[in-house]
Structures are given as structure tokens and as C-alpha cells.
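Reader: I would like to learn how to read salt bridges, chain interfaces and helix packing in a model. Where do we start?

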Amino acid sequence: MQLIEPHHIQSRINELSGQDLYLHLELTTGAYANHLDSSRHPASAFISNAVIRYTQGSISGTGPYRVGLKTGQGWIYAEGLTHIDELDTKRLILAGHDSMGKLVVALQLSLEAF
Amino acid sequence: MIMEEKTIMNTNLSVQHILAVLPHPDDESFVAAGTLAKYIAEGAQVTFACLTLGEMGRNMGIPPFANRVTLPAIRKVELEDSCRAIGIQDLRMLGFHDKMIEFEDRELLDGAIMALLQELNPDIVITFYPGYSVHPDHDATGAAVVRTIGQLAEEERPVVLCSAFSSNHEQMIGRADVTVDVTAFLASKMASIQAHRSQFQAAELVGNRVLTQEEIISRYGTEQFWTYRFS
């Protein structure tokens with residue numbers, strides 16, 4: 001995984017627009033959040049292989065980054081993104097890692113199912 | 001070996017086959033690596049049924065070298081390396097989805113566990129204590145194991161040893177009745193832990209610095225289990 005270069009991500013987002021894509025979107029505190037610190041509220045959600053299509057999308061912020069994708073009838077949004085898998089040239093694999101290195105958020109787009 | 005383990009020994013049970021049923025790669029390392037290595041050294045066969053590949057884990061290495069897409073294949077290799085370090089002869093990867101065990105089709109889940117019990121006829125089954133094991137997958141795995149073994153006739157049931165670590169566990173289920181001194185097997189146990197390269201450096205597991213021998217013994221030298229009582 002490499003640190004996000006926003007210009008590079010923007011061109012990848014542009015390349016994938018206007019097509020049916022498989023989405024994996026996830027936000028998680030981890031299952032141990034409350035066990036390790038009882039003041040923390042554990043919360044997680046993910047959706048895998050949802051089929052979506054967006055007409056416009058962009059990356060914004062100064063890092064960690066936000067991505068918003070405008071779909072036919074709504075939006076897809078992720079905040080806290082820090083890393084990209086640059087070796088994966090077909091799929092857009094974005095993740096946000098906290099100061100401990102743990103994954104907090106993931107936004108992934110692919111022409112084929114994950 | 002400490003006195004409490006006589007609860008198993010008193011039954012004159014010669015341990016020939018142990019089945020560990022745990023949901024994630026690295027559960028075997030922290031729960032039972034030393035106990036398994038010890039029984040293997042005494043001639044036992046061990047089957048580890050790992051329900052998932054831990055593909056929803058949050059640890060991706062420090063700095064991160066894995067992601068949601070690459071993690072399952074990476075953790076599969078780590079799991080195989082860990083089993084080699086312990087000496088586990090038989091690894092079964094059951095292919096359930098990480099984080100989803102509690103939502104899985106019970107017939108499918110229990111059926112997979114029952115098939116293993118019937119095939120292997122283990123003397124001991126190691127799993128998590130349902131309700132006292134923090135991660136929903138741990139609790140759901142332990143519940144499935146207990147539910148399935150509970151269907152067997154009493155005389156056919158293996159001894160079920162459960163790991164528990166929720167903050168209230170001793171208050172609710174008392175102290176562990178099986179305590180295994182694994183200091184003689186710490187080399188295997190640490191190699192098993194460190195085989196999980198994407199995981200073990202996390203602060204709540206081993207952390208990012210080299211531990212002293214004293215720290216290793218105090219943290220990992222003893223493994224504790226609660227014998228599940230079917231009533």
C-alpha cells in the first residue's frame with residue numbers, strides 16, 4: 001500500500017465513471033474497540049459487491065482524504081482515506097489507516113466482483 | 001503440567017486426536033499453540049478447523065502491506081506457516097466469511113462441525129467459550145461447537161476446552177479449571193504468533209518491539225481453559 005497522491009486518484013476515478021462497477025465500502029472501529037477501551041462505542045458497517053454507477057466523482061481534502069461519487073439517485077462517500085494499492089491497476093483500492101496502522105475505512109471499485 | 005489438568009487425566013483419557021475449532025487465523029497461536037505443541041510432542045494428532053481466513057481483519061501489517069483484496073491470500077499463507085510452527089498435521093480451512101459467523105446458516109455451520117466430529121472422533125475439542133470471548137465470531141463459533149456436541153450422546157462427547165477472555169468472564173464462569181504450563185513450547189508458540197506477519201505487531205497483540213524472555217514467559221507461558229459443562 002502506498003500513500004495517496006490525490007492527482008493520481010482523481011484520474012483513476014475519472015477512468016471508472018459512467019460504468020457499472022462493483023463497490024466494497026466499509027467503515028469499522030473493529031470488534032475489540034469496547035473491550036480495549038470501554039468508553040468507545042463499537043460500530044462497523046460494510047457492503048460488498050454492490051453494483052453502482054457514478055456520473056461524477058472526486059477526491060478532496062489535504063489528507064486524510066475524502067471521496068464522493070455522485071450516482072444516478074444518490075451518493076457514495078468515504079472519509080479518512082490514506083492509502084492506495086498502486087499495484088492494482090484495474091481496480092481502485094483505497095483504504096484509510098489510523099495512527100496504529102489499522103484499517104478504519106475502505107472504498108474499493110472494480111469492473112469485476114470482489 | 002499443573003494439578004487442574006487432572007480433570008482430563010482422571011478420566012484415563014489417552015489423547016490421540018485434538019480438534020481445534022476457531023474462527024480466525026492467529027486464534028490458534030494465542031489460544032492454544034503451546035497446548036497443541038505439547039500434545040503433539042506426546043504423540044497426538046491435531047486437526048485445526050479454521051472457519052474463516054480473517055479477511056475482514058483491520059491489521060494489514062505495520063506499515064500496511066495488505067488490503068481488503070489481498071488480505072485473504074496473505075493470511076492463508078500465514079496460517080499454513082503457523083500450523084507448521086506448531087506441528088499441526090491437519091489444517092482445514094472451512095471457507096466461512098469473516099465477521100459473519102453469527103449470521104451464518106446454522107444448519108450449514110453445525111453440519112460442517114458435525115462432519116468433522118464424525119470423521120475424526122476427537123478426544124478433546126478446543127474452542128471459545130460462548131458468551132465470554134469478546135469477538136462475535138469467537139462467541140458464535142463456540143456456540144456452534146457446543147450446540148453440535150450437545151447433540152451427541154453423553155458418552156460420545158469429547159472433552160470441550162474453552163478459551164475465555166471477556167472482562168467479566170471470571171465473575172461469570174469462575175476460574176479456569178485447566179491450566180497448561182507451555183514454557184517448554186514457547187519457541188513453537190512464538191514462531192506461530194510471528195507467522196502471522198500481517199497481524200502480530202499490533203499493539204494489543206505482541207506489539208512492535210522485541211520482547212524479553214521474561215515478558216514472553218509471563219504473557220505466553222500459560223494457557224488456560226474452561227471445561228464446558230453440558231447440563
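**Salt bridges, interface and helix packing**

Author: Start with one pair. B:Arg58 and A:Asp98 form a salt bridge, with 3.7 Å between the closest N and O atoms. Keep in mind that this is a predicted model.

Reader: Where do B:Arg58 and A:Asp98 sit in their chains?

Author: The pair crosses between chains. B:Arg58 lies in the loop between strand S2 (45–50) and helix H3 (71–86) of chain B. A:Asp98 lies in the loop between strand S8 (92–97) and strand S9 (103–110) of chain A.

Reader: How does 3.7 Å qualify as a salt bridge?

Author: Look at the cut-off. A side-chain nitrogen of Lys or Arg has to be within 4 Å of a carboxyl oxygen of Asp or Glu. The closest N and O atoms of B:Arg58 and A:Asp98 are 3.7 Å apart. For the side chains of A:Glu26 and B:Arg68, the N to O distance is 2.6 Å.

Reader: How many salt bridges does the rule find across the interface of chain B and chain A?

Author: It finds 3 there. Over all chains the count comes to 16.

Reader: What else describes the interface?

Author: Read contacts and buried area together. In chain B, 26 residues are in contact with 26 residues of chain A. The two chains bury about 2,000 Å² between them. Carbon and sulfur atoms account for 62% of that area.

Reader: Now helix packing. At what angle do helix H2 and helix H7 of chain B pack?

Author: Take the angle and the axis distance as a pair. H2(B), residues 27–41, and H7(B), residues 186–195, pack at about 150°, with axes 9 Å apart. Angles over 145 degrees count as roughly antiparallel, so H2(B) is roughly antiparallel to H7(B). Their crossing is right-handed.

Reader: Which residues make that contact?

Author: H2(B) supplies B:Glu28, B:Ser29, B:Phe30, B:Ala33, B:Gly34 and B:Ala37. H7(B) supplies B:Ser188, B:Lys189, B:Ser192 and B:Ile193. By class, the contact has 4 nonpolar, 4 polar and 2 charged residues.

Reader: How are H7(B) and helix H8 of chain B arranged?

Author: H7(B) packs with H8(B), residues 213–220, at about 85°, and the axes are 11 Å apart. The two helices are therefore roughly perpendicular. On H7(B) the contact uses B:Leu186, B:Lys189, B:Met190 and B:Ile193. On H8(B) it uses B:Ile216, B:Ile217 and B:Tyr220.

Reader: How do the classes divide in the contact of H7(B) with H8(B)?

Author: There are 6 nonpolar residues, no polar ones and 1 charged.

Definitions and conventions. Residues numbered from 1 in each chain as written. Chains lettered and ligands numbered in written order. Predicted model: local features only at pLDDT ≥ 70, side-chain atom pairs only at ≥ 80, totals over all residues. Heavy atoms only, no water. Axes fitted to C-alpha atoms, helices over the stretch in contact; angles between N-to-C directions. Helix = DSSP H or I, 4+ residues; strand = E, 2+ residues; numbered from the N terminus. Parallel < 35°, antiparallel > 145°, perpendicular 65-115°, else oblique. Left-handed = near helix turned anticlockwise from the far one by under 90°. Contact = heavy atoms within 4.5 Å. Nonpolar A, V, L, I, M, F, W, Y, C, P; charged D, E, K, R; others polar. Buried area = accessible area lost by both parts, 1.4 Å probe.
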